[in-house]
Amino acid sequence: MTKQNKAFKSRIYPNKEQEELLAKTFGCVRFFYNKMLVERKETYEKFKDDEEKLKEQKFPTPAKYKDEFPFLKEVDSLALANAQIHLQNAYKNFFEGRAEFPKFKSKKHKQSYTTNMVNGNIKIEDGHIKLPKFKKPIKMKQHREIPAEYKIKSCTISKTKTGKYYISILTEYEKDIRPVKIQKVVGLDFAMDGLYVESEQGEKANYPRYYRQALVKLAKAQQILSRRKKGSTRWEKQRLKVAKLHEKIANQRRNFLHHKSKELAANYDAVIIEDLDMKGMSQALNFGKSVHDNGWGMFTTFLEYKLKEQGKQLVKIDKWFPSTKKCSRCGNEKEMSLSERVYKCTCGLVLDRDYNSAINIKKEGLRLLELA
Ligand SMILES: [Zn+2]
């Protein structure tokens, strides 16, 4: 038996009183996080030349701030504890070179906090969810019932820019997963426009038309916003419109990525991809936001757990593997400029550039799986 995690996201409908406590909790978490960050920054400046000393410095705790700022005691203490863990992880990632120095939390960003299941403090009953510190359970609209054998681990409550509230309930369950004998394998080449090109037919996973249309609509709405006077009524109205479109697009994208990853996990026993460094890539090639927005990171996360829960595999090949340069028929290598859309080889192969790459990725995966 292996432990598996699954998250269930639902919309919640707090009443006025509950909305106030949520706002207070978001505020306290942000306040506490920023306070800790200030202290960490000072510590860092003070000891940055002495790594040993820097490592010895204790991380601030909620208890310390609660004495100084008693209002912190009025909100869920687990929310604060999680903010501390969150910052600790952000710090660790920074020190190990995986991320930039943590940034301050602003009111403008999505508001959220995380709490944990401790001694039955979280309960779901009659379309409501009970959360720590709340007198009454909050109304919740569930799309999927959480199976009885799934244990609730934590909940993240968030408020979007357009004022909607959501809860993501993280659960854990045991599953008897047996490794599948790998027979059907596919390679995917990351595609800048669209999502990927697959190795079997050379087909591109294009985002649906309605999604691309929504993106055009968003760009137009943003342009209008930029022309409005900041802070005016008309600006505020347009800002809300832009935020709504953002949310709609994010939902459409997530649904599409779920759909595509589900399809692949159903049809194949192993999926081979390149281990791409998205952040480095968008910086190096100056693609700006498009690489992040393309959804590749989210897609591979979905794909990985969907394969895993069926005993299947996601294989990541080295990012330095020359998937673009190689001829997928004879193995010859040559330089390819970004503008060359077709791979032509002296052996006679003429193939779409991305299709050729996808086949190479698949072949490399087969070699790693010792199937070739
Ligand atoms: Zn060739």
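A donor here is an N, O or S atom within 2.8 Å of the metal (3.2 Å for Na, K and Ca); water is not among the atoms, so sites may look incomplete. By that rule, the zinc ion has the protein donors C327 (SG), C330 (SG), C345 (SG) and C347 (SG), at 2.2 to 2.4 Å. The model is predicted: local features need pLDDT of at least 70, side-chain atom pairs count only at pLDDT 80 or more, and totals for chains, interfaces and linings use all residues. Residues are numbered from 1 along each chain as its sequence is written, and side-chain values use heavy atoms, with hydrogens and water left out.

**Zinc site**

- The zinc donors are spaced C-x2-C-x14-C-x1-C along the chain.
- The arrangement is tetrahedral because the four donor atoms subtend angles of 107 to 116 degrees around the zinc ion.
- Four donors count as tetrahedral if all angles lie between 85 and 135 degrees.
- Burial is read from relative accessible area: buried is under 20%, exposed is over 50%, and partly exposed is in between (1.4 Å probe, protein chains only).
- C327 is buried at 2%, and C345 is buried at 14%.
- C330 is partly exposed, with 43% relative accessibility.

**Nonpolar cores**

- A nonpolar core is a set of buried Ala, Val, Leu, Ile, Met, Phe, Trp, Tyr and Cys residues joined through side-chain atoms within 4.5 Å.
- The largest such core has 39 residues, and those with the most contacts inside it are Y113, I129, L131, C155, I157 and I167.
- At least two residues of this core come from each of β1 (2–13), α1 (16–47), α4 (77–95), β5 (138–141), β6 (151–159) and β7 (165–175).
- Helix α1 gives the most to this core, with nine residues.
- Helices (H or I, at least four residues) and strands (E, at least two) are DSSP runs, numbered from the N terminus.
- Another core lies apart from it, with 29 residues, including A214, L245, A265 and V271.
- Contact means heavy atoms within 4.5 Å.
- Beyond its neighbours within four places in sequence, I129 has contacts that include I12, I122, P137, M140, C155 and I169.

**Q18 in helix α1**

- Q18 sits in helix α1.
- Q18 is buried, with a relative accessible area of 7%.
- A polar atom of the Q18 side chain lies 3.0 Å from the backbone oxygen of K136.
- Not counting residues up to four places away in sequence, Q18 touches Y13, F134, K136, P137 and I138.

**Cysteines and disulfides**

- A disulfide is a pair of cysteine sulfur atoms within 2.5 Å.
- Zero disulfides turn up in a search of the whole structure.
- C28 is in no disulfide, and its nearest cysteine sulfur, that of C155, is 19 Å away.
- C28 is buried, at 4% relative accessibility.

- D126 has a positive phi, near 45 degrees, and is a residue other than glycine.
- D126 lies in the loop between β3 (123–125) and β4 (128–130).
- D126 is exposed, with a relative accessible area of 72%.
- E370 is not a glycine either, yet its phi is positive, at about 55 degrees.
- E370 is in the segment after α10 (353–368).
- E370 is exposed, with a relative accessible area of 70%.

How values were computed. Tetrahedral: all angles 85-135°; square planar, octahedral: opposite > 155°, others 65-115°. Polar contact = N/O pair within 3.5 Å; in protein donor to acceptor, adjacent residues only side chain to side chain.
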